[in-house]
Every structure is written in C-alpha cells, then in structure tokens.
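Keep the sequence and the 3D view at hand as you read.

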Amino acid sequence: MVALQSRAPSVRGESQIAKLRNVDWSLISFVLALVPIGIIAIYSATRSGAGIDFVWRQGMFFVIGLGLMALVSSVDYRAFRDFLGVVYILTGLALVLVLIIGAERGGTKGWFVVFGFSIQPAEFAKLSLVVVLAAIFTGRSGSVDANRIVGALGAVGAVSFLVLLENETGSILVYGFILLGILLVAGVPARVLLLMIATGAVMVSVLLSSDTLADYQRARLTSFIDADANVQESYNQRQSETAVGSGGLTGHGLFEGPQTQLGFVPEQRTDFIFTVIAEELGFIGGAIVLGLQAFILLRIFRVAQLARDSFGALICIGVFSMFLIQVWQNVGMTMRLMPITGIPLPFVSYGGSSLITSLIGIGLVQSVSIHRHRGTPVE
Amino acid sequence: MIEIPRRRFAVLGFVAMLVFGSLYGKLWFLQIMSATSFEQTASSNREREIIVEAPRGRILDAKGRVLAGRRESLVVTLDWTSLRDLDAEERSEIFAEVSDELNAAGIKTKTDDLVATYDRAADGSLKPVIVAEDVGEQVWILIQERAYPGFQVERRWVRTYPYGDIGAHIVGYTGTVRSTEQATELNADNPNKTYLPGDSLGVAGVEKIFEQTLRGVPEVRRVEIDAFNRVIRTAEVLQPSQPGADIHLTIDIDLQFAAEQILADELRLARRREASEGSLPHVGEAGSLVALDVTDGSVVALASFPTFDPSDFVFGISAEQFEFLENRQDNPLFDRATRGTYPAGSTWKVATAYAALTTGLRTEWEIWEDEGIYDIDECTAGCRFQNAGGAVMGPVDLREAIERSSDTYFYAVGAEAWENQTQVGETPIQDAARLFGFGEASGIALPNEAAGRVPTPENRLEEFGTDWFAGDNVIMSIGQGEVAVTPLQLANAYATLATGGTRYQPRLVDRATDGESGETTLEVRTIVAADEPLDPVSLAPIRDGLFRVTTTGTATEAFTGFPLDTYPIAGKTGTVEVNNRADFSLFAGFGPGLSPKYSVAAILEESGFGGDAAAPAVRRFFELLAGVTPTPEAPLATEDRFQFERPLIPENAAVPNTDGGVDGDEGQEGSDATPATSPATTAAAADGGVTVDPVDSTVPEATQPADAASTTAPSTPPPTTPPPTTTPPTTAPATTGDTEEPAPSTSAGATQEAPDPAEPAADDGASDTAVGGEP
C-alpha cells in the first residue's frame, strides 16, 4: 500500500508524510482482509468447473482496483467538483453506448466486452451519482431547496432510466438508496423524505403490477414473498437458504459444502457468494464477513463525520449508502430476507466492475480522509 | 455554506444498525436455530436412492455353452429430468451438439432421434434412457468433460446371444419395460425385483417363461448427486445386487444347429424338386423339426425355420425392423415347432389304427381290399373318397396299410366307427389320439404353445354350429379335416408310441443354478403327463407297420443307406394338402428298435410328399443321433456361418451340379455328384453333399460307421459352399389366410383353419385325394 501510495502523483504543497498520516489504515485493512476471503470463496464455488481461472481474474481486478483506489485517494476530492459535468456526461454516454453495442447476458444488456473482459457501466455509474449528488447538495451558499432536490431526482432518474432499459433493476435500487442516504444526511426536510419514500413505494407497486417488467424480473422480485408462486426462482432461493442454514455454527469446512460443491446454488460466484462462506465456514465465517462489512461501513461513517466540508461528508455518505444497500440486499437475498436482484456483495462477489467500483469508492473516502485538514489548499 | 445537520448522521447510523441487526438475526436464526432441519433438506437434496439392475442370468445349453449371456457396455444415456427445465431452444442446441459429437466419434446419431427419445422418456421414465450403445472410452471422456445436461455415459449390462439365430425360438429375447404402469404391474407380482421402465424383460422363449429366475435382485443404493442429477458417489448400498440364476437347457446347441441346417437344406432341396402333377410348385420356405428323448421327455432339438437373431432386440428393436420381421411372409418370429398347427395327415393313422384294434373294428390280420376308392354306405352326396392318382393297393392288412399308407383302409375304419358308434362309442379315434397327447398343449416351458385340435362332433357343434357326418369321420381318420397338431405334439405322440403309453411333458429346462455360487437352485423334474399303458397287443402290429415304413414302405428311399439293421427306425410319412398351397411334408418316427431313445418329427411346409422332404430330414437327424455322422459344431454368431444357403434365395438361382458333392477331398470314393434322377435320390445325394456329412449318407456302401469316421474326419465343414446370398423379398404365394392378427400373438402361423369340415384332403406316399362332401 505504501508503495502504491508513493507512486501516486503528489498534490501540490502537501508532503507525502502528511498524506500517509491521514490515510484511514483500518479501513484499508478491513478491505484487504475481506477481498481475499471473497477470492477463496470464489475458488470454492468454481474450482470443480474452472479450476483457478476465476481466482486469477479476480486477483487481477483486485490489483487494478487497488491501483485506482490509490490514485483516487491521492487526488483531492474537491477537485472532482470541477469535472462534475464531464463525469456525468461520460456516464450517460457509456450507458447509452452499452445499449447499442453492449453484450447481453442473463437477460440484461449492460456489458462492454473488451479483450475478453466485461465492463459494466452501471456499476461505475454508482460512483458518478455519489459525486454528482454530493455536489448538488453542497456549495458555498444557498440551502437545501426544491431546485436541488429536483436536480438530484433528475440526475438519478436519467441514469436509472438508461439502466432500466438495460434491465439492470438491481443497480437502480442502489442508485435510489444512494439518493436517499444523501438526501437524508444533506438535511432534506423529513416530510419531503417521507413523501418521496411513499411515492417510491407506490411507483414500485405500480411497476410490479404493470407489464413494464419482464415476467422473470417480477418473479425474482416476488418469489421471496410467495415461495411457491415461481418455481424456478423460489427454488433457487430455497437452495441458497438451505446452503446457509445447513452451515450451522462452524460450517462443512472449506471446499466441503455439498450445496456449493454439487452446484445446487445458482450464480454462486457472483450474487450468491455469501452462501459459499455461510455453508462452508458456518455462522462464524458468515459473521466475520458481515462484521468486516460493518467495520468498513463504520470507518466510512467516521470519515464522513470528520470530513472538512459537506461535499466530502456527502461523498462518504453516498459510498456508505451504496455499500449498505448492497450488503443488505445481497446477504438478505441469500437468506430469503430480501427478493432476488442481481446485486453483488461488495469486495466479495466475483466481478471486475463491482470490485473495482467498490475499491474506487474506498479511494474516494480515503481522499476525503487524507484531505480533511482545513489548511489543505484547494486545487 | 450548507452545513450538515449532525442529527441526520445519527438517523443513518441507526438505519445501518437495523440493517446489520436484521442480517445477523436471520443468519443466527438459519444457522444456529434451524441448522438441523436445513441439514436434512440439504441431504435429501443431494441424495437419491437409485436402483441398478442386476446382471441377468444366462441361458446355457446342455453342455454349458452360453446361448444367452451378458456383457457390460458403455452406453450414452439421456435423463429427461435434467433437461425439462431448459427451454426448447437450449434443449435442441444440446441435442444437436451431442449428436455432432457422437457422429464425430463414429456413432451415427440423428438429432431427431434424440428429440424423439426425449419426448418418449418425458412421459415419466425414471431411468435414463439409452441413446447410444457400445461407445468407446473416447466418447465417455468427451461426454463427461462437456457435461451436457441430461447426458451421461454409464455402464449397463447388455444381453448377448453368442449363437445368434441358432435356437432363437427357444432362447427367445428380451425387450424393455415400456412404461411406469407396466413396471408397477410387474412389481406387484415380484416385490423385491423392482422393475423400472427401461429394465430388460424377457418377452419371448425361455427368456420370458423364466423371467423370474433370470432376473436378478437389483442393487438399491443411496448416491450423492449434483444439481444436474449426476451421480457423484455412492453413499451407501441398501440392498446388494444379486445376479439372476442361470438356466440350463436340455438341448445341445450343436444338435440344435444341425436340426436347423437340415431343415434349411431340405427346404431348399424341396424348392428345387418338381411338384407332382396337379400340385402347386413347392414354396418350401418354412418348417420345423423336433427331437425328444423318449426316456424322460427331454427336448433334444426344437427347430423352427426360418429363424431370427435375438441380438436385434437387445437395445430395443426399431419399429421398422420389428414390423419387417413380423410382416415377413415366412414369419421368422413365429415358433412353428410349438405354435404352428398343421393337419397331421397320415401320421395320424396310428391313432386310427389303435382305435380300430382296441375297439375290435379290425384285427391285425384282417385283410382289406384297397380298390383305390371308398364309398360311404347309404350315402347320397359326396360319398366317394379315393387315393390320389387312383392308386390301387389290393389286399392289405393293418401292417401293410401303415407301411404303404393306404387311405381307404382307414377311411373304412373311420366310416365304420361312425356307423357302429353304439358299440364303439362316438369318438374312439379321437380318444386314441388324445392318448398320444394330441389336442392339448404339451406343457413345454415356452410361451403361447398351441393346443392343436382333435375334432369331435361335440366341439364341431360348439365352434361351428354344424353337425358331424360320417364323411367327417372318414376325413378325420387320415388326419385331415379339422385335425391340427403341432410338430412338438407329433414328436411327443410318437414318443408315446415308443414308450408304450408313458407320455412326458417335454423337458426343455434341466435346472437353474445360482449366478454366483453355481449351486443348483431349481431342478426341473421329469413330469409324466400321462401314464396309461397302451394295449400291447394292439401296439405291436402298429409298431411293426411303422418299422416297415422305413424299410419297405413310403420312406424307403429316404432311409436308403441308413443302418436300419443296427438302428431300426419306426416312422410314418404324412402329406397334407392345404387349400391353394403345395403339399406339406410330414414325418414322425422313433428309434432305435424296440428300446427307443429318440423320437423325431418334422413338418416342412409346401415341400411335397412326406417321403420326399420330411423323411430325409428326420433321417439325417437320426444319423447324428445314431452317431453315423458326426455332429458339426455350432458356430458362434461372429463366425461366417453361411455354409448353407439362406432360406430365401431366388428360385431361379442356378443349381450348380456340384450341389451334392461339395467335398473336395482327394481320393474320395463315391459318385455323389452324379445328377440324380428321382426326387428322392436328389434329396439323398444333396443330403450328403451339403450338410453335416458330405459323403457317407449319399453312398449306400459307405454308410458303415467306421467308414464314416475315416472319410469325414475333417472337423471343419466343407468350405465349398454357395456364397451367402442376400435375402430378397420372398416371392412365395400367400401362405396363410389368417392375416387378421400379427403372427406372434396368434397360434395359426401355418394352421389350416379348416372351417370347412369337408375340405379336400390328400395323403402321402402313393398320394391320394379324397373328394369329400356332405354325405
């Protein structure tokens, strides 16, 4: 980490030492502990079919992600304000482009395939929204007024619309939660927030009862409520729940989980990665992974509180919300607490876009942490 | 500057705590509080009980040679349950890929066939269905590697029939349990044998009758499977497999082979023989030969020709192939020996003679003036019965009547029996026939045996609703009319004559032995079906007459050269006429002499006189039994066995003049290649030339056993034989009138239906034609 840090371009006027002192090392160590656990779980889920392939790829994503994290950390987050328009427009373009030339898989059309690697712009859009929303609700003057709220809704709405066209419903849930978290902390009046939540709930129920969603999407969203209604979907979720439940306190042992090794749980290396840990390492393993996630969130929360300005604080809150909803939805889904949506477990699920996005998110938080002292000049 | 209200942090923090609280709570609930029940769910998820068919017992001949065996085969199977969840498009992609792979490996597979197999299995097959058999290790590795859903390579036990079509009607064949319903039905009767659809099941022959003995106890085991229903490992064996018991037959496959070859050969010769005047050309494409051990009823040979190869059924015969076999005019699936019913013709006269002597209608010395015709007394229409060709034999007694096969002698007995029924009873001839076992199934251990028919006024009325007349008795007295017997019954009747009244249930299976230890688990005892001693005084002259048949009677030519002085044979020829078909040739006899060991009967369809076709066939079989000619070794199916022409050669095929004398041995004496003039001699000549013994039987001087041994020592059959002929469609005229049912399920393959009681009848030797009619 030190080495990576030292390679990062230095921000003018500040010594490397000062920067390193303000790095949130415990946050980084939690991340560094969690990702390898994820890689081991990925190996367990894929070793019979693919051997070590996925381990290599995830390891590579990890290294790339760490590099980007270091890079982003070293940049003063306040500089991002100047590029907001560029970031947002690039995000929009990527999302439009992926609809045109993207690859389709599993019913969603949201992948650029480059040199055998798939890039999922909807993942990176999460971070764009974090920064854009944080910027909207901060400034040298003014207050949290209707204009800002409408602007935020518009920013999220436009991106969500494009992502909906790709069928990436899971990502939209994350966007919504990021918005909610930032609105909450930014100080949007409680009644406005409640009104928005209510409106959102009505919209979701309308969506579910209309023909907008494909059957499989509706099935996935409702199967956790009515287990018998959608055989295949609820079958998957029951298998997943069974895997978690049968793990018991200490699990079946690494690479020994029958549900995992015999392939009963679908999409196991990505969306259902938590079942591998819970089945093979039991409650202890599951609790550790959840605990690491909690500690990561706790540190981000802390950085938010210590941030030198509201922009930094809201960036952290955006990243916090992003991780919180993903952990909740993903782990909840494997235990039949939440409906099935294709949301990866941060740092753990297999997938380059997700892992790199998560690590860049940590980079943003580190940037806020590093540049938290009032004396630091703005670029 | 917009400031963040600090309280809002607390709200978000609270939300986060709720989130983690719910996740930890659920995790605790699942893993700590409900772990046991989820563990059970997980086990039932991945564990299945599977039932693996045990190796089927073998069928062996008397010398322990394997007639129906087994081997393990690598087969590709399709499990529809793993494919049903896929959508049709994915499925057809998989089918296309698998068939490409199999074709690339040299196993011809059509995608459509896979689809069809899937559709059939999708009715509820519990067991993966075989889609390709005998695949190599290559395919195994390939299929396992690609892990196509639903496709696996397994080892399965597969039936083998090493001798191919030899004895096929006895051995039978296996099919598969077709449906869940059929399996349920079978399981109701045999709880521990657990049939599943796709299991093999005997459907014909001994395979069928001894299904319960042959089928082993399947292994039941608990296995671990993966999400694609693939077996990962065996967790526990709940019931060990127990192979089925082996069945030991009484037949000797060499003799069986010889019987079939003799039949084929004699039929071929019959086809080439010119039919007598006024008779239809000999079609000669089917027949049977049965040999029994008269001392205990053991079956020595039971040949039905043409035959089929049971191997065709091993992996499930295709519908087209089965249809072809079933609809072939010569009906190869039909076991003529036990299911074919024929008019007995003159072979029946032993019953008439026995009735005549025991009722006192005749004495053995009483002379009858054979004028070639017989008129029923006090008769108004259709009362004249005559010998064919108007043969007039002059004065004959009982012995001579049998020897020369005088019809009028027996017509008279028949007519008088009817006239004097108040003294002799209504059915003395029929009663005598029943003593010989006619009219009832012999009880042999083969499915669907025919009972034949002994016509009586009673069953005539029952079945046809018409009355019985004197003319019916007349026709019946020479085994025509409604008389129907199977070749097996015929052989058993003559065995009864040989024993003097003891009639056995033909014994085809000797014992069953445990598949593992070899210990005898079932001994088939000799079963006496009837043990009423025949009147020795009446029997003696009948036997005398039968012995004369082969020496000076209707079968003299056929037995010329046979060492009758050392191995006397009693027998009777029969020639029956069937509507619109050439004469059927019959012969039944026993030997040797007065302490007989064997009885042999042959019926050759549309082959001419009894003395011309059936008698030489029986004679040749007796040569083997008597040791005059060595019995050739039955070849395994893999060997080239086409040393004899196949049954359906084109009728216009050139007849080489080497027909008779195939033996190319140098210094061979005898002139068997000399074209013969009379049909009988042709038969005899070809006899020796083409079949088991190339030399001796053709040359009367060379029939001494010693000579036989010296000249026919070569153990391999003569090599110079007609090349294998591809089988053309039969050109024979319609063989039977009973086409309303597929043959294997009916007992009437070559049966004369005989709805017309006054059907014209004919007889043998000096063939005679009865001009029957309503008296």
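B:Ser405 counts as buried, at 0% relative accessibility; buried here means under 20% relative accessible area, exposed means over 50%, and partly exposed lies in between, with a 1.4 Å probe and protein chains only. Its phi is positive, about 60°, although B:Ser405 is not a glycine. You will find B:Ser405 in the loop between α14 (398–404) and α15 (407–419) of chain B; helices (H or I, at least four residues) and strands (E, at least two) are DSSP runs, numbered from the N terminus.

A word on the ground rules: this is a predicted model, in which local features need pLDDT of at least 70 and side-chain atom pairs count only at pLDDT 80 or more, while totals for chains, interfaces and linings use all residues. Residues are numbered from 1 along each chain as its sequence is written, chains are lettered from A and ligands numbered from 1 in the order in which they are written, and side-chain values use heavy atoms, leaving out hydrogens and water.

Chain A has a residue with a positive phi too: A:Arg336, a residue other than glycine, has phi near 60°. A:Arg336 sits in the loop between α14 (310–334) and α15 (352–370) of chain A, and counts as partly exposed at 24% relative accessibility. Another arginine to look at is B:Arg56, in the loop between β1 (47–52) and β2 (59–60) of chain B. B:Arg56 is buried, with a relative accessible area of 7%. Leaving aside neighbours within four places in sequence, B:Arg56 is in contact with residues including B:Arg70, B:Arg159, B:Glu207, B:Glu211 and B:Arg215, where contact means heavy atoms within 4.5 Å.

Now turn to the open sheet of 5 strands in chain B, with the order β12-β11-β23-β22-β21 and antiparallel pairing. Two strands pair if DSSP finds at least two bridges between them. The edge strands are β12 (299–305) and β21 (570–576) of chain B, each pairing on one side only. Neighbouring strands of this sheet are turned by 5° against each other on average, direction ignored. These angles come from axes fitted as lines to C-alpha atoms, for helices over the stretch in contact, and run from 0 to 180 degrees between N-to-C directions.

Within this sheet, 7 bridges join the antiparallel strands β22 (residues 584–591) and β23 (residues 598–604) of chain B. B:Gly591 has B:Tyr598 in β23(B) as its bridge partner. A cis peptide bond joins B:Gly591 and B:Pro592, with omega about 0°, and B:Pro592 lies in the loop between β22 and β23 of chain B. The peptide bond from B:Phe305 to B:Pro306 is cis as well, with omega near 0°; B:Pro306 is in the loop between β12 and α11 (319–327) of chain B.

Helix α23 (residues 610–626) of chain B lies across β11 (287–293), β12, β21, β22 and β23 of chain B, at about 145° to β23(B).

Which residues touch the most other members of the largest nonpolar core? They are B:Leu249, B:Trp348 and B:Phe621, in a core of 141 residues; such a core is a set of buried Ala, Val, Leu, Ile, Met, Phe, Trp, Tyr and Cys residues joined through side-chain atoms within 4.5 Å. Helix α10 (residues 253–272) of chain B gives the most to this core, with 10 residues. Apart from it lies another core, of 112 residues, among them A:Phe30, A:Val31, A:Ala41 and B:Leu30.

Finally, look at where the chains meet: 62 residues of chain A are in contact with 37 residues of chain B. The area buried between chain A and chain B is about 3,900 Å², of which carbon and sulfur atoms give 72%; buried area is the accessible area (1.4 Å probe) that two parts lose on being put together, summed over both. A:Leu184, A:Leu262 and A:Phe283 supply 16% of the area that chain A buries against chain B, more than any other three residues.
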